Amino acid sequence: MIANDLSKFVSYCKKIQPQTQEDIKRFFEGVIAFPYDKELLLQAYLFLNIKSLFPSCYELLLFEKSPIADYTDLGKCDFVYLTYQGNLFLIETKFIDTEATGATERKRRNKHRNKVFEQVITLKSRFGEYWDIRSEQLECGVFTTDSEIDWRGDCVNVVTKSISIDNLERWRRTYQRNNQS
């Protein structure tokens, strides 16, 4: 992808996701106050801590949108960031209930682990084909509540990060306390 192609893609993103970074921050801070959706809370943590989790990420371009025009049937990406190096970083998130026990829950967790990797790898492929972006300019990441995924990304070139459910909840309470007006 040459710089001109990247600017076209960034323009496309700003058209379909016109909110400023500050608007998106306010949205996620609202999620923290009313954590009705655990996946959204996980995404709020990611957005508000992006620099420590994925340091190369510079600017959020898309959130929960299809990076492939209006083809939502081809998949939505949780986050698409522009990196400091001028690459694109696709991140998929998944809240995985690591506290549930039993054989059925173990199977469900494994299914979720596999699914989140499948999603980001498939999106990388479709994204590259649609926008004609070289593979080395597309980076991928996975962020979950399950530390068992940490080693899985190594062999598929996916950066993996996780936070425990307890630490996510502790962060939510602390963030609320520290940011109350």
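Which strand holds T93? T93 sits in strand 3, residues 88–94.

1. Basis. This is a predicted model, where local features need pLDDT of at least 70, side-chain atom pairs count only at pLDDT 80 or more, and totals for chains, interfaces and linings use all residues. Numbering starts from 1 along each chain as its sequence is written, and side-chain values use heavy atoms, leaving out hydrogens and water.

2. Fold. The protein has 6 helices and 5 strands. Helices (H or I, at least four residues) and strands (E, at least two) are DSSP runs, numbered from the N terminus. Their order from the N terminus is α-α-α-α-β-β-β-α-β-β-α.

3. T93. T93 counts as buried because its relative accessibility is 2%; buried means under 20% relative accessible area, with a 1.4 Å probe and protein chains only. Its side chain makes a polar contact with the side chain of E39 at 2.8 Å. A polar contact is a pair of N or O atoms within 3.5 Å; within protein, one must be able to donate a hydrogen and the other to accept it, and residues adjacent in sequence count only if both atoms are side-chain atoms. Neighbours within four places in sequence aside, the contacts of T93 (heavy atoms within 4.5 Å) include L42, D78, V116 and F143.

4. Helix 5. This helix covers residues 103–131 and has 29 residues. From first C-alpha to last it reaches 42 Å, close to the 42 Å expected at 1.5 Å a residue; the expected span is 1.5 Å times one less than the number of residues. V116 is among its buried residues, as are R109 and F127. D132 follows the helix, with a positive phi near 55°.

5. Overall. Of the 181 residues, 45% are buried.

Notes. Buried < 20%, exposed > 50% of the residue type's maximum accessible area, 1.4 Å probe, protein only.
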